[in-house]
Structures are given as C-alpha cells and as structure tokens.
Amino acid sequence: MAPTGNGPVIPILGFLTCVAFIYLSFGDLLFDFKRESELGFVKRNGTQFVVDGKALYVNGWNSYWFMDHAVNDHSRHRVGAMLEAGAKMGLTVCRTWAFNDGGYNALQISPGRFDERVFKALDHVIAEAKTHGVRLLLSLVNNLQAYGGKTQYVNWAWQEGVGLSSSNDSFFFDPSIRRYFKNYLTVGTICQVLLTRKNSLTGIEYRNDPTIFAWELINEPRCMSDVSGDTLQDWINEMTAFIKSIDSKHLLTVGLEGFYGPNSPKRLTVNPERWASELGSDFVRNSDSPNIDFASVHIYPDHWFHDQGFEEKLKFVVKWMLSHIEDGDKELKKPVLFTEFGLSNLNKDYDPSQRDRFYRTIFDVIYKSAKRKRSGAGTLVWQFLIEGMEGFNDDFGIVPWEQDSIQRLMIEQSCRLSRVTGRHLLDKKSIEISGESVTNLRFDCISKSSKLSLKTSCGRHHRRQNLSIRSVFTGIVEEMGEVKNLGMADHGGFDLKIGARVVLEDVKLGDSIAVNGTCLTVTEFNAEEFTVGLAPETLRKTSLEELKKGSPVNLERALQPVSRMGGHVVQGHVDGTGVIESMEVEGDSLWVKVKADKGLLKYIVPKGFVAVDGTSLTVVDVFDEESCFNFMMVAYTQQKVVIPTKSIGQKVNLEVDIMGKYVERLLTSGGFSLNKAEEKK
C-alpha cells in the first residue's frame, strides 16, 4: 500500500509538467519582456577576470557623458539608447564618470555637499545598465579640468583658506584636499554617500551592486611636481586602502595611461618619448599597489607622437600592448585592461579605413592574449555617442550604427572573446540585420557577408518590446539536408553550410534550425542552402564534428505558437552524445540500441521520450547494466531521418526529456518532500 504522504505527487508532477512546457514554449510572451538577468560580481583570479567561475574578457566602450545627460528629461533617453546599442553589439562594460565637481550639473557642489537631483541621475545610469546587462566602470575623479577634476578640489581648499599650495598637484599631498576626496566618497546624508548610497530606483547600495564592474580611482593621474613618483604612489596607497575598507566587493584600478617611470628600464624602450617618464607616474609601481586589482592602460599614439606615419603607429601599438601584457603576466600577476583607445580623425593623413585597421590590430592582440590565457583582459573604445551630441564629441567619437565597419568589428570581437570562455554573450540580445530583428544568437557570430545595420531609437520612448519566443522544437524531422561544407570561417569560428529545401521556405536571418538536434542560428542563406555558425564548445559537446561533405543531417525549424505538437518538447540543447551499439532489422522495422553515459541514462525511461540526432523517439527498454537504451523505428520514419544511414560505433546527439530534470530538481532542492503529508499528521 502506498504511503499516504505520496498522494499529492502525481497531480503536482502533472502540474509542473504543464507549467514547464508553457514556459519553455512561450515564456517570453507570458512574462515581463524586461525581465533582467542577474549579474554576478566580477572577481579576479590571478591574471583573469572571472564571473561565476568562468573567465571574462572585456569588449566595451567609453561614454563619459551618461550622468550629465541623465539629469535632464530631454536628454535622459540617450543613456538607455546607448546602453541598448552596446548590449546589441555584445559589449559588456561601459566606462563613465561618477563625478562632476562644481560647475553645471555638478554632483558635488562643494566639499561634501551634493545635488540629489544629479545623484538620482547616477542612480538612473546604474539602473539602466542593469536593465541592459551592461556593467559599469565608474571613475571617481579627473586629473584633467573637465568636470572639475583635481583643479576644482585645489580651488575649494584655496578659497576656504586651508590649501597649502595653488598647484594642481597639491590634490595629491595636501591633507585637507585628501580629506575632501574621502568625504566625497563617504560623507553626506544617508542617501548621498557615494560608495554606500542606496540607489533610489533599485534599492541596492552601490557597494552591493554587481552592475558596477569596478571603481577607477582617477582618470590619467599625473603629478609632475614629483617626478620620482613617491607623492602619487603614497596617495594611491592611502585612497585605495580607504575605499577597500568600505567596499571590498568591487574591483579597483588606478586609471593610468600606462607610462613607465624614471626607474623603469622600459622608459627607454617602450615609452613613446622621454617626457612620458617625467609625469610622476609609473605603470608597474602604481599598479602593484596591494589594493589595486587590475592595471589600466590607454592607447593614443597619434597624441604621443608627432612625426610618425600610420604604419609606424600601428607597430608601436602592438609593442605597447604586448609590453603591458608581459608586465601583467610576470611582474603584477594581475589583469591588464586597456580602458581607452582611439585614433584621431584630425591626423593629416587620416582615412576612415585606418581606424578599422587600428581597431582590428588592438582587438587581435587581446584575442590572442585571451586564447593563451595571458593577462590582456580586454579593451574599451573611446568613445561612443548617439546622434545629436556634437557638443560632446571629439576627434575620436563614433556613432556606432553610422559606421558599419566599426560596428561589425565590435560584434566580431564580442563573439571571438565569448568563444574563448564558452560564454554566449549574444544570447537573447537582438541585432538588426537588413531590417530583420535577429534574436537567440546562442552559438555564432554574425557573418561578415551579412549586411548589418544596428539601429536604436533616439526618441523619448526609445525601448522596443522584444517579445521573442524561446527556440523549442518537437523532434519531428521536416527533411534531411546535405552538408555542403564544414570548416573555419573568416571570423575565427566554424561555418556549417547545408543544402535544404523545406526549411528554407520561410527562413530569415537569425532563425533557429535544429541540425541533428542541435539548435543553431542561420547566418546566411539562399534558395538552396543555408549557413550556421558553430562554436568550438558546440563541436565538443555534439557529434557534429564527425560531419563531412555529403553527410545527411536531420533538419527542423523552431516551433511556432500555432504549430501542432507532434513529438515532445525538444530544446535543441544537446546534453551529450551516445554511441550506436547495435542495429537489427525486424520485418520492415529497425531496432537501434544506443550506449549512453550513466549521467544521461538516469533521465531515460521505458515508454518515455528521447531525442536522438533531433528525432523524437519513444524508448522501448533501458538496460542499466549495459548503460544502454533502445528504440524502434517504423519504415516511414527510417526514410525521413539520418539514423538508419549511420553505422555501429558512430556517435549520435542525445537530448533527454527536460521534464525529468525539472522533477529531479524539485525533489532534490528541498522544495518538495514526499513525506510532507506524513509530517503533518
């Protein structure tokens, strides 16, 4: 007799099965389209950034103007528009100012006094970044005069009669000014303390918000009154220790340009010119401060040289970057992030194609560093804007969707870096190619031959509801295609070209097609064939690596809301591979036995469903001792799928029934107990 406590099990499991199917099929339609993904804190593991146990390589940009534009109603929309555009390119970090000292729209009106209106603008910037899944590198003060900077602090001290000197460098050594800077970080009303401020929109304290990638101490610090570098180093040590005592969760960097100081041998071999060693800073010494988590470097060869041509500048860029990556590997044992780089359009010999080559050169260095697990941690372009911001532009600024080649380079770099780490950075983001909204870019980059136009609205109500349906299949194969080519692509990944007919009838760029049960995204197509991109992880996880020219493959388009459900819920997320153990003919039927890993076999049950190379099949028996299961195919099915064309010993893709996983999760997570009814008695 069954225990009375088991009574609710069957109806509960039935309810969960129903809910799981509805969510998998139409979750994005039923739930809020602005559901935010949870961001984890970025940490450091040796020379790499890590999030949730995986390495993170940064492809991002600078938009210093965010807070300033978030203050006023008429310009606030630009923040969301820019973040939306960055997210669509797969960019993960944006560097922006978290300061405005004195002057128009000042955050800090005077030492320790803040404008709550501007603080709420910064709240808005952080909340918007969270919405779009972009992290922020927030800079705390400027060495330059723009937005106040250290000059404003010195003026405040001088005006109040407590300043030791009118020199801008007194910012670093004057005790009163040091106190001003600390007060900026920690003194004010409960809602106006920068590091511990509670965001008025999200309710999260800044120091507890993983949307903040890191704090940058100061933008491009120089203390030329002390060439030895001792003054700046003492300031860095004191301020970083102070910040870490309040916020130990976030990473911290200095904000250096990357020049080598007077005691470094590299001042003669790597610095652009002699003046670079006389600025009171030193890349290695400053970055080696114990509370600094990663090093920062800038790249501006056309500002640092005045007599070099473009080709010479490119050679310098490679040398400059490799030198600092070497320092990160051998001296600092920390990541090195190139937080600003750009090529001026005011150069006498400037041509737009030069900027493409400049970006490509920098991206290639980072990509090669990432593949070798070296310290080159990523780059941030200076700078991105949107239309109508001419007053905030400079000779480096770009409106990305107005320059197709730059936009394409950014997306390609995002894809390359995501492949290195196994992260799918473009998953559930939307890119517009030739006017079509492309979603669910799980595995591949955008093909170079695709015409891409990333657009974002600049109107007040700029967001669009991307109500994309999750890719779900039925396991009912629509046709068998033929592999035309499988090989390396120009963008560094792998391309699989397949001849087909039925699945091309209504195909669009970005559509999901299951190929032998693997959900892949269409990047090119014509009337007779289509191309999908493959990440190395996809090849490792599936049997697709065994394909060759002429191989037949099962094809199925993603389920639509109005489609009839002929098989079972198949996601196209291959759980692993099995090996064909035997194939036996009985009449016009074919019996197939497949050996599977025990970790998958536990989800396979007699009379249950399993997807084999994307074909929905009913399991007949499970042989636990052999770690095998079998199924039978009738003559009609044999003519429509690829399994009968395979041989004993060949691999097949396996996807187990997702419902079993949900049930296991429920029963093992503590969320449900079979004995609850007994416990109540």
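Biologist: Why is Thr531 called buried?

Modeller: Its relative accessible area is 5%, and buried means under 20%, with over 50% being exposed and anything in between partly exposed (1.4 Å probe, protein chains only). So Thr531 counts as buried. Keep in mind that this is a predicted model, where local features need pLDDT of at least 70, side-chain atom pairs count only at pLDDT 80 or more, and totals for chains, interfaces and linings use all residues. Residues are numbered from 1 along each chain as its sequence is written, and side-chain values use heavy atoms, with hydrogens and water left out.

Biologist: Where is Thr531, and what does Thr531 touch?

Modeller: Thr531 is in strand 20, residues 529-534; strands are DSSP runs of E, at least two residues, and helices are runs of H or I, at least four, numbered from the N terminus. Contact means heavy atoms within 4.5 Å. Not counting residues up to four places away in sequence, Thr531 touches Asp495, Leu496, Lys497, Thr521, Val522, Thr523 and Glu524.

Biologist: And Glu528, is that residue buried or exposed?

Modeller: Exposed: the relative accessible area of Glu528 is 61%, and the cut-off is over 50%. Glu528 sits in the loop between strand 19 (518-525) and strand 20. Leaving aside neighbours within four places in sequence, Glu528 contacts Ile498, Gly499, Ala500 and Leu504. For Ile498, that's 30 residues apart along the chain, with 8.6 Å between the C-alpha atoms.

Biologist: What makes Tyr359 count as buried?

Modeller: Its relative accessibility is 0%, which is under the 20% limit, so Tyr359 is buried. Tyr359 belongs to helix 13, residues 352-371. Beyond neighbours within four places in sequence, its contacts are Phe341, Val381, Trp382, Ile398, Ile406, Leu409 and Met410. Take Leu409: 50 residues apart from Tyr359 in sequence, but 7.7 Å C-alpha to C-alpha.

Biologist: What makes up the nonpolar surface patch?

Modeller: Met632, Val634 and Tyr636 make a patch of about 300 Å². Patches take residues with over 30% relative accessible area and no salt bridge, joining like charges within 9 Å and nonpolar side chains (Val, Leu, Ile, Met, Phe, Trp, Tyr) within 5 Å. Tyr636, in helix 17 (residues 635-640), has 57% relative accessibility and so counts as exposed.

Biologist: How many helices and strands are there?

Modeller: The protein has 19 helices and 27 strands. Of its 681 residues, 57% are buried.

Biologist: Where does the pLDDT stay under 50?

Modeller: pLDDT is the predictor's confidence in each residue, from 0 to 100. Residues 21-36 stay under 50, and the model has 38 contacts for them beyond four places in sequence. Residues 425-470 are also below 50, with 155 contacts beyond near neighbours in sequence. The protein averages 83, and 82% of the residues score at least 70.

Technical notes:
Accessible areas come from the Shrake-Rupley method with a 1.4 Å probe; for residues, only the protein chains shown count as cover. A salt bridge is a side-chain nitrogen of Lys or Arg within 4 Å of a carboxyl oxygen of Asp or Glu.
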